[in-house]
Amino acid sequence: MSKIQEVKAMVEVGKAKLVPGLVQEALNEGNAAGDILQAMIDSMEVVGDKFSKGEAYVPEMLMAAKAMSKGVDVLKPLLAVESTSSLGTCVIGTVQGDLHDIGKNLVAMMLESAGFSVVDLGVDVAADKFVEAIKENQNVTLVACSGLLTTTMPAMKETVQTLKGSGLTGFKVIVGGAPVTQEMADSIGADGFAPDAGMAVVKAKELVKA
Ligand code: B1M
């Protein structure tokens, strides 16, 4: 089994203590950080499928998530190449009712490396908290909302509508997460959508420079 396959296998079974070392070994073998990240994302897909089939439960998902986070910590310095340009402040969070944060954390990390100052509100963030954060922080040019559950898509809609109705200006709203599509983003009035962390950076730059 290659090191990258070992990383994938150990994330799947939630071995948080083993994963960082294996990620480092995979890097030492010459694997690209992006490929290792993709292998871990694939693992989460496998765990999610098992959950859907009743072959895995919430604790297994949690352990896999913890293992992936530990692996991402090792990759962070390689994925995030510091930028000198300033694109303003990005307020980011996972919408109310939703506790998933791995994708949100990846997006936050990539936006920071692209030149945004990132204010991360965490998970289960109510619409009003996003508004407060815009008031409390200087030069907010972007608000980024993540959501992984179909059941929290109404909270995503409420967040975007609250932001748009707040009377505050000078920022764009980008949304993303597995159940989010371009059509959905358009229908709730978001300024942009991205399917993954890499595209979130491309879209975010486009939005704030427009
Ligand atoms: Co949950 N969960 N979970 N879970 N979980 C999913 C999402 C699920 C698809 C699993 C499944 O059934 N196959 C399913 C949702 C079904 C649905 O709504 N359609 C599900 C469910 C049902 C649940 C619970 C309801 C289970 C229960 O309690 N019965 C519960 C809900 C809790 C809550 O939030 N209120 C729950 C709980 C959990 C844990 C807490 C145990 C854990 C999360 C831990 C954590 O995040 N710290 C967990 C996990 C780990 C998963 C899976 C297995 C993996 C998610 C993940 O981290 N993926 C997931 C299955 C899956 O995704 N296939 C599942 C890796 C991550 C890199 O991808 O977050 O999609 P992702 O981010 C991507 C893109 O979506 C995008 O970029 C990233 C990639 O570059 N992206 C953005 C994300 N945010 C973006 C924002 C942007 C742009 C792009 O702009 C702002």
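**Crossovers, burial and the cobalt site**

Me: What makes the unit of E4, helix H8 (residues 182-188) and E5 right-handed?

Reply: E4, helix H8 and E5 make a β-α-β unit that is right-handed, because, with the strands pointing away from the viewer, the path from the first strand over the helix to the second runs clockwise. E3, H7 and E4 also make a right-handed β-α-β unit. The model is predicted: local features need pLDDT of at least 70 and side-chain atom pairs count only at pLDDT 80 or more, while totals for chains, interfaces and linings use all residues. Residues are numbered from 1 along each chain as its sequence is written, and side-chain values use heavy atoms, with hydrogens and water left out.

Me: How do you know that E4 pairs with strand E5 (residues 192-193)?

Reply: Two strands pair if DSSP finds at least two bridges between them, and E4 and E5 have two, in the parallel sense. Val-175 stands opposite Phe-193 in E5. Strand E3 (residues 140-146) pairs with E4 over five bridges, again in the parallel sense, and there Ala-144 stands opposite Ile-174.

Me: Why is strand E4 (residues 172-176) called largely enclosed?

Reply: Four of its five residues are buried, so E4 is largely enclosed by the rest of the structure. Buried means under 20% relative accessible area, exposed over 50%, and partly exposed in between (1.4 Å probe, protein chains only). Of the 210 residues of the chain, 43% count as buried.

Me: Is Thr-159 buried or exposed, and why?

Reply: Thr-159 has a relative accessibility of 1% and therefore counts as buried. Thr-159 belongs to helix H7 (residues 153-164). Apart from neighbours within four places in sequence, Thr-159 is in contact (heavy atoms within 4.5 Å) with Val-95, Ala-127, Phe-130 and Cys-145.

Me: What makes His-100 a donor of the cobalt atom of the ligand?

Reply: Donors are N, O and S atoms within 2.8 Å of the metal (3.2 Å for Na, K and Ca); water is not among the atoms, so sites may look incomplete. NE2 of His-100 lies at 2.2 Å and is the only protein donor. His-100 is found in the loop between strand E1 (89-94) and helix H5 (102-114).

Me: How many helices and strands does the chain have, and how are they counted?

Reply: The chain has nine helices and five strands, counted as DSSP runs numbered from the N terminus (helices H or I, at least four residues; strands E, at least two).
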